[in-house]
Amino acid sequence: MMNILNPIDNPIFYEVLYRALIVYLLGFALIFALNKFKLKCIWSTNVGQRYLSWLLIGPIYLVAVFLGGNLSLLVLAIILFIAIWEISIISRLPKLYIIALYGLSCYSIFIAKLHPTFFYSLPLVYYLIFSIIAVRQNDDKKGLFNISLSMYVSIWLIFSLTHFVLLGKLSDELDTTRSLLLLVGFAVPLSDIFAYVVGRFFNKIGFLDKYKIASNLSKNKTYIGTLGNIIGGLFGIWIMYFSLKTYLPWYHWVAIGIIIGVMGVMGDITESMFKRYFKVKDSSHLIPGHGGILDRIDSTLRVIVIIYYYLLFFL
């Protein structure tokens, strides 16, 4: 049994759909304006391609959140599997390590869902599994590299993303709205889009755009662009504030909006570091104009972890 929820029973279901539609309409108006109010080639622009990718991913995310149950876990597992597949292509890790990463993805979701008290022991399980594989591979040249990369991927990707399960459980303990998951769904993509728009604006006027965060890792990431990330994160908070305001005072949500913006940048640069090491531009070509799954969830991998522990501490 999929054990899915009835979205109609969610008290904010229609309100969220309405707000999502408004965001999509405003997003289209934005890219239309950025394209000098011309429809020609509107989807070939960078921001147009970002819009299209979120036009595809957004509804899938909303369906997974509102239906919940095993369906949401299945969606999470599929995302992890695709991301690991992309990593296998980029890094050329030995097959046994990749198989282990697939298995650990399923195991981590299982632990997060049914035995959350053991969740924090998962990194030790990762280390044990990859140590056994490294010994059995008996590779004195790349063995240390393979186990180090596998551990990094398991923490960076699997351990981080399965915090969605924990955040869902925390949200369900508060009420039936699933507002915390919906917050991430709005705030992260808006942070990404606003970062591009603000960064482009300051680049065009030639003001404060020369101060790079990590030019060797991501040449386009600037400190002023981070302001766009923060504005987008705060905008996402504002969209969901009608449901969030009963949980914590307003200043906590301002802090969370800032955290989403800053951590979104860190997540993006972290993935850039991974890609630069292996000399690739995109993690794959699954999403037209915007690379692969890793390219879309890079910010989320950092945001979801920090937001979960912030809320766990203050709620």
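Buried means under 20% relative accessible area, exposed means over 50%, and partly exposed lies in between (1.4 Å probe, protein chains only). The model shown is predicted: local features need pLDDT of at least 70, side-chain atom pairs count only at pLDDT 80 or more, and totals for chains, interfaces and linings use all residues. Residues are numbered from 1 along each chain as its sequence is written, and side-chain values use heavy atoms, with hydrogens and water left out.

**View 1. Val265 in helix α10.** Val265 is found in helix α10. Helices (H or I, at least four residues) are DSSP runs, numbered from the N terminus. Val265 has a relative accessible area of 4%, so Val265 is buried. Lys221 is 44 residues from Val265 along the chain. The C-alpha atoms of Val265 and Lys221 are separated by 7.9 Å.

**View 2. Helix α10 packs against helix α11.** Two packed helices are described by the angle between their axes and the distance between the axes. Here α10 covers residues 250–277 and α11 covers residues 293–314. The angle is about 140 degrees, and the axes are 7 Å apart. Axes are lines fitted to C-alpha atoms, for helices over the stretch in contact, and angles run from 0 to 180 degrees between N-to-C directions. The crossing of α10 and α11 is right-handed. By class, the contact of α10 with α11 has 14 nonpolar, 5 polar and 6 charged residues. Ala, Val, Leu, Ile, Met, Phe, Trp, Tyr, Cys and Pro count as nonpolar; Asp, Glu, Lys and Arg count as charged; the others, Gly among them, count as polar. On handedness, a crossing is left-handed if the near helix is turned anticlockwise from the far one by less than a right angle, and right-handed if clockwise.

View 3. The 22 residues of α11 should span 32 Å at 1.5 Å a residue. The end C-alpha atoms of α11 are 31 Å apart, which agrees. The expected span of a helix is 1.5 Å times one less than its number of residues. At Ser299, α11 bends by about 30 degrees. The bend at a residue is the angle between axes fitted to the seven residues ending there and the seven starting there. Of the 22 residues of α11, 16 are buried, so α11 is largely enclosed by the rest of the structure.

**View 4. Met273 and Tyr310.** Met273 lies in helix α10. With a relative accessible area of 39%, Met273 is partly exposed. Met273 and Tyr310 are 37 residues apart along the chain. Their C-alpha atoms are separated by 26 Å.

**View 5. The salt bridge of Arg19 and Glu15 in helix α1.** A salt bridge is a side-chain nitrogen of Lys or Arg within 4 Å of a carboxyl oxygen of Asp or Glu. Arg19 forms one with Glu15, and the closest N and O atoms are 2.7 Å apart. Both residues lie in helix α1 (residues 13–34), 4 residues apart, about one turn of the helix. An α-helix has 3.6 residues a turn, so residues three or four places apart point the same way. Arg19 counts as partly exposed at 22% relative accessibility. Glu15 also counts as partly exposed, at 31%.

**View 6. Further salt bridges.** The whole structure holds 7 salt bridges. Arg178 and Asp172 meet in one of 3.3 Å, N to O. Arg178 counts as buried at 9% relative accessibility, whereas Asp172 counts as partly exposed at 41%. Lys141 pairs with Asp140 in a salt bridge, the closest N and O atoms being 3.9 Å apart. Both Lys141 and Asp140 are exposed. Glu271, Lys275 and Asp295 are linked in a network of salt bridges.

View 7. Most residues other than glycine have a negative phi. Lys36 is not a glycine, yet has a positive phi of about 60 degrees. Lys36 sits in the loop between α1 and α2 (46–67). At 62% relative accessibility, Lys36 counts as exposed. Arg92 has a positive phi of about 55 degrees and is not a glycine either. Arg92 is placed in the loop between α3 (69–91) and α4 (95–114). Arg92 is exposed, with a relative accessible area of 70%.

Definitions and conventions
Helix = DSSP H or I, 4+ residues; strand = E, 2+ residues; numbered from the N terminus.
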